[in-house]
Amino acid sequence: MSLTFKLTIPKPNLKWYNSSKKELLEIVKEHHESSWSKEQDPVTGNRWSPRKQPTGSHPLLRKTGKMLNSTKFKADNRPMMFKATTNVSYGKFHQQGTGRMPQRRWLGLGGDFEDKFSKVVVKHLFKGKITFKAGT
C-alpha cells in the first residue's frame with residue numbers, strides 16, 4: 001500500500017525587508033507627525049509636560065517650527081532600523097530633558113505602530129506558495 005500527499009505552505013520572501021522598507025518608513029513618519037500634533041511622547045503616549053510659566057501662545061516645541069520641519073527619517077539597510085536627523089542642536093535637550101527642563105521626548109516609536117508594522121511585515125514576509133509532493 002502506498003500513500004501520497006501534497007503539502008502546500010507559504011513561500012518565505014527572503015527579501016521581505018527590501019519590499020516593505022518604504023511602507024514601514026511611512027508608518028514611522030505618520031507616527032512622528034501624529035505624536036507632534038497631539039503633543040505627546042511617541043513612545044508612552046503621555047502628554048508633554050506643560051510650560052512652568054506661559055511663555056507664548058505657540059504650541060509646545062513649535063516656537064519657530066524648525067525642529068519639527070527639519071526632522072528627516074531614513075530606513076537603514078538593517079531590517080527594522082530607522083534613523084532620524086534634525087539640524088537643530090537643542091533637539092537632544094528636549095528628547096532627554098535637563099535639570100531645568102522636563103523631558104519632552106519627540107522621537108521614538110510606541111503605541112499602535114506595532115500593529116501597523118506587523119501587518120506590513122506579514123504582507124511582505126510570504127510571497128506565493130510552495131507545494132511538496134510526497135509518497136511512501
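Is His94 buried or exposed? I looked this up before anything else. His94 is buried, at a relative accessible area of 14%. I use buried for under 20% relative accessible area, exposed for over 50%, and partly exposed for what lies in between, with a 1.4 Å probe and protein chains only.

**Ground rules.** I am working on a predicted model, where local features need pLDDT of at least 70, side-chain atom pairs count only at pLDDT 80 or more, and totals for chains, interfaces and linings use all residues. Residues are numbered from 1 along each chain as its sequence is written, and side-chain values use heavy atoms, with hydrogens and water left out.

**His94.** I placed His94 in helix H3, residues 91-96. Helices (H or I, at least four residues) and strands (E, at least two) are DSSP runs numbered from the N terminus. I then listed contacts, meaning heavy atoms within 4.5 Å. Leaving aside neighbours within four places in sequence, His94 touches Leu61, Met67, Met101, Gln103, Arg104, Arg105 and Trp106.

**H1 against H4.** Two packed helices are described by the angle between their axes and the distance between the axes. I found H1 (residues 16-38) and H4 (residues 113-125) packed at about 165°, axes 9 Å apart. That makes H1 roughly antiparallel to H4. The axes are lines fitted to C-alpha atoms over the stretch in contact, with angles from 0 to 180 degrees between N-to-C directions. Over 145 degrees counts as roughly antiparallel, under 35 as roughly parallel, 65 to 115 as roughly perpendicular, and the rest as oblique.

I checked which residues meet. On the H1 side they include Trp16, Leu24 and His31; on the H4 side they include Phe113, Val120 and Leu125. The contact residues divide into 9 nonpolar, 4 polar and 3 charged.

**Val120.** Val120 sits in H4. I count Val120 as buried because its relative accessibility is 8%. Beyond four places in sequence, Val120 contacts Ser20, Glu23, Leu24 and Ile27. I also took one C-alpha to C-alpha distance: Val120 and Pro12 are 14 Å apart in space and 108 residues apart in sequence.

**Cores.** A nonpolar core is a set of buried Ala, Val, Leu, Ile, Met, Phe, Trp, Tyr and Cys residues joined through side-chain atoms within 4.5 Å. The largest has 12 residues, among them Leu24, Ile27, Phe73, Phe117 and Val120. H1, strand E2 (72-75) and H4 each supply at least two residues of this core. H1 gives the most, with 6 residues. I noted a second, separate core of 7 residues, including Trp48, Leu60, Met67 and Trp106.

Terms used: Ala, Val, Leu, Ile, Met, Phe, Trp, Tyr, Cys and Pro count as nonpolar, Asp, Glu, Lys and Arg as charged, and the others, Gly among them, as polar.
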